[in-house]
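Subject: Structure handover

Hello,

Here is the structure for your files. Please open it next to this message, and read on for what was found.

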Protein chains: 2
Amino acid sequence: MNIGIAQINATIGDFSRNAKRILQAYRACIDAGANLVLTPEMSLVGYPPKDLVMKTSFVDKCKQALDYLADETGEVPLLVGYVDYYDYQNSGKPLRNGVAFLQNGKVRHRVWKTLLPTYASFDEHRYFEPSNVCEPFEWNGIKLGMTICEDIWFDDFLERPTYKRNPVEELRAKGVDVILNMSASPFQKGKPQDRANRLEVVACGAGVPVVFCNAVGANDSLVFDGHSMALDAEGNEICSMPGFESCFKVFSLFSKGTHPPKVRGNDREHIYQALVSGLHDYVKKSGFETVCLSLTGGVDSALTASIAVHALGEKNVMGLILPSAITPQQNIDDAYALAENLGIKVEMIPISESCQVAESSLDSVFEGLAKDHTEENIQSRIRGMFLMAYSNKFNSLLLTSGNKSEFSIGNCSAYGDMFGGLAVISDVPKTWVYKLAKFVNEKKVAIPSRSITKEPSSGLVAGQTDADRLPPYEVLDKILELYIEFQVAASDIVEDHQFDEATVRWVQRRVDLNEWKRRQSPLGLQVTSRAFGMGRRVPIVQKFVD
Amino acid sequence: MNIGIAQINATIGDFSRNAKRILQAYRACIDAGANLVLTPEMSLVGYPPKDLVMKTSFVDKCKQALDYLADETGEVPLLVGYVDYYDYQNSGKPLRNGVAFLQNGKVRHRVWKTLLPTYASFDEHRYFEPSNVCEPFEWNGIKLGMTICEDIWFDDFLERPTYKRNPVEELRAKGVDVILNMSASPFQKGKPQDRANRLEVVACGAGVPVVFCNAVGANDSLVFDGHSMALDAEGNEICSMPGFESCFKVFSLFSKGTHPPKVRGNDREHIYQALVSGLHDYVKKSGFETVCLSLTGGVDSALTASIAVHALGEKNVMGLILPSAITPQQNIDDAYALAENLGIKVEMIPISESCQVAESSLDSVFEGLAKDHTEENIQSRIRGMFLMAYSNKFNSLLLTSGNKSEFSIGNCSAYGDMFGGLAVISDVPKTWVYKLAKFVNEKKVAIPSRSITKEPSSGLVAGQTDADRLPPYEVLDKILELYIEFQVAASDIVEDHQFDEATVRWVQRRVDLNEWKRRQSPLGLQVTSRAFGMGRRVPIVQKFVD
């Protein structure tokens, strides 16, 4: 009994392309001896399709594509994730998140997702009616326990028992020979190994092997990391697949493993690969060929450029250097050095004349008023205007290099350094930007060492560094992690975690006041447990102080 | 038996301010003879608090404020909407959306919301566990059927029966003397009268009077329109309150009405009032005193300026005129005429020199390439840069004047005319902009007639009008309404609604391709059934064509 796992990268709403990829993997698995082939959750649809599923023809077209896939199946069953209607005669949500069991030209069986995540970036209760029964499906003398993503994740990733149902336990009680799980489980720091540990608990609890097939590739903010695997009934690893890579693997279901599941790689490698994968898919799936970005000589743009080169190749990345009158020569030198190390082209567009003219155009309106953050923002926005002009003229997607620490406290200019199509590292805290920059340089030095060692600065005020304005990044990032990722009250951050009260209150106020700005930022790629965007929904106008 | 309805305007998370307003209204109702006082859903919290409820101290602080309110109550009960914990011993969502019955210094009773809207802009299943029982509460010999918002709206506003429960029917079966409903039901076109009709059905179905207390004021995109009312057991109106106004009213519960409920005002008036209310509350609740905006001589900025003057007074609105080399003198004249009619100050900031310098700075990078939309965007972005400079320097909130038709098809520049803190009319289709402009002029001419009659134009290409680039707005807006508000497949728009296929496909492609741009737009105010933002969640990168 050989199982094929097809770790597919699906594009949302592209049924014909997704169907083709599923079929290719299905046939390759059969050639490698598979008796049954799994694909990820919503492998035919791309996860998450969001409100597209509510469009009047979406489900019909999805089901047409499913019928086409069924037609192409022979003796070896193919499990495909898709969206179906819920019975119109019953009250409830209109749709279901399902997996179809395709064999010999037919849809032989369907299962529906029971546990519907409606937290973090997930909105499944918005669309789907949960399954009300978890039944084994017998095929070839084997009782299959088919589950979809959350159906097996219900414990470890939530702060309290959210669900009243336990699909694994229901299946176990009815007798199954294997738990199959089709997932589209997105990456966040630490999650690949957490998932493996959870799978071990499932296998041991149910006393049967567990097969986990995860999606790979990125759709908007979410990066699916793959890392599909299978465990035997004792929770030992019998199949393990790479992260961040479209691939397939066939293994013998009733083989025995020798050790608990262990995901290869560490957090730094995983985060870096997630960013490369997220950038690649955003650019390619939206039809762009090239990207451009501002090179400032700082570590943020250097890291972003490295990620872009890894994702797209050096020929498809353009560096732009936009010095103002106060830009130190060493920053320009560092930007050129980076470009040379990475092998990317650069263009220089000086902005000082534009800044001067803009400021003098405002002379009469601003008469008698001192310079302040207004003039800093003008500089940043003129830089952004030139970057977008380049992007428009050459149809090259503009990348934004702001990090999570900056976005959190609004230490960035709306419509300035926040211009762009994708904010590549907007969920990476500054302290992690340094870790990733060093990681990049481990194999081959790409980022000039001065970009890593010099004091970080916005570059908008001559001689000023971030240290003049902000708490040290080590402190700031710890406060931000507590406040944003773990939603800890500011008063508790002070009392329980021993941070200086004035600093915590300053951070809190900056985070809360800058929600309007983040709301207008480009899409980012999630790598922590709570990224800005759909995973963190807070009002812009609100007065809560905790 | 007199009921007091307190139509409160709550600010999200401002427990002390909300508690004060509740108490003021409570005491005023008692002075006017009330025996029982209702406030809206989440009157103590402000709706919707979103992820703030998950912060570790939010619910504790909310309950402290509730205890304070309870302390202040005497013999006359006060019904207050708030957020509470769900029993930690049970599995389920961590919180509940509740109403507390406060009397004689105590919380005497609590009810929980049964039907939790999780569609459109609503996310209640993300946070709340539904009530599993709908019980009448007896007080003073009267059996009260207390419900919260959606508990009575379950039929008319949804396309199919979404819920398995029917709280009104459960209460009726157990015997109630009155249905009380505490709501935070946001405005959209046509909804005030729809709600009144639904209340009539509820009253007739349950055979008892219905009291509906709605929130008023705006929180972010949602404008709560008030229009609280009460109907007798035959569905006739016995109390009717104004829209868009904080107020209270006391009426005799067992009086008899003479006619079905009829909401005053028409769609034009309601939409205009909603925009005034939304702008007012966004500005005031976020602590700004003044707003500024670009006056182009066109109808969009004229309407936006009129709304701002109605909301904040003419002294608090600043008009900025930013002509380029190709701006016709008549547009400048129209902008000045509008400012004079409205009584607002204006400043002029010419942008042509900045545009010239920007273009020449790009000469070498763009060598040999023709002018295209890049140069149009430069113009728009330089204008935006100046507007934000004014906003920054004078701490004056910048308003954006883009309409829904433009935002839909991306006929606006990201980081250009989309700069700003609030996109006042971004949910108003262009054809409705004209209707509202005429409505503004009905009482007193504020908008120069030429701004209404001239051909609309982006003003970015000399001599070009929208008609040169776009389908007629009457056609465009009908297609957009079908495609966006009703999610009709493009093929069905062609077949069932007889629109030209090429036009529909062009519109569809423009809408789909510009999701990235809208995602970066300022917050807008919802007035239709589906506004961009939280009410319409679609992937940026997706390939579905229907």
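Start in the sheet of chain B. B:Gly98 has B:Trp112 of S5(B) as its bridge partner. Six bridges link strand S4 (residues 95–103) of chain B to S5(B), and the two run antiparallel. Strands count as paired if DSSP finds at least two bridges between them. Helices (H or I, at least four residues) and strands (E, at least two) are DSSP runs, numbered from the N terminus.

A word on conventions. This is a predicted model, where local features need pLDDT of at least 70, side-chain atom pairs count only at pLDDT 80 or more, and totals for chains, interfaces and linings use all residues. Residues are numbered from 1 along each chain as its sequence is written, while chains are lettered from A and ligands numbered from 1 in the order in which they are written.

The sheet

The sheet is open and has six strands, in the order S5-S4-S3-S2-S1-S14 (chain B), with mixed pairing. Strand S5 (106–112) and strand S14 (247–252) of chain B are at the edges; each has a single partner strand, so one side of each lacks a neighbour in the sheet. From one strand to the next, the twist averages 35 degrees. Helix H1 (residues 15–31) of chain B packs on the sheet. H1 of chain B touches strand S1 (2–7), strand S2 (36–38), strand S3 (78–85) and S14 of chain B, and its direction makes about 150 degrees with that of S1(B). Contact means that C-beta atoms, placed from the backbone, lie within 7 Å. Axes are lines fitted to C-alpha atoms, for helices over the stretch in contact, and angles run from 0 to 180 degrees between N-to-C directions. H2(B) lies across S3, S4 and S5 of chain B, at about 155 degrees to S3(B).

A helix pair in chain B

H9(B) and H10(B) pack at about 135 degrees, with axes 10 Å apart. That makes H9(B) oblique to H10(B). Angles under 35 degrees count as roughly parallel, over 145 as roughly antiparallel, 65 to 115 as roughly perpendicular and the rest as oblique. H9(B) gives B:Ser354, B:Cys355, B:Ala358 and B:Glu359 to the contact, and H10(B) gives B:Glu375, B:Ile378, B:Gln379 and B:Ile382. By class, this contact has four nonpolar, two polar and two charged residues. Ala, Val, Leu, Ile, Met, Phe, Trp, Tyr, Cys and Pro count as nonpolar, Asp, Glu, Lys and Arg as charged, and the others, Gly among them, as polar.

The interface

On the chain B side, 83 residues are in contact with 83 residues of chain A. Elements of chain B giving two or more residues include helix H2 (58–72), helix H6 (267–285) and helix H10 (373–394). H10(B) gives the largest share, 13 residues. The side of chain B that touches chain A has 37 nonpolar, 24 polar and 22 charged residues.

The two copies

A rotation of 180 degrees, with 0.0 Å of shift along its axis, superposes chain B on chain A (RMSD 0.0 Å). The two copies are thus related as by a two-fold rotation axis. In chain B, the C-alpha nearest the axis belongs to B:Gln520, 2.0 Å from it. The same surface serves both copies: 99% of the contact residues of chain B recur in chain A.

Best wishes

Definitions and conventions
Contact = placed C-beta atoms within 7 Å. Least-squares fit on C-alpha atoms with pLDDT ≥ 70 in both.
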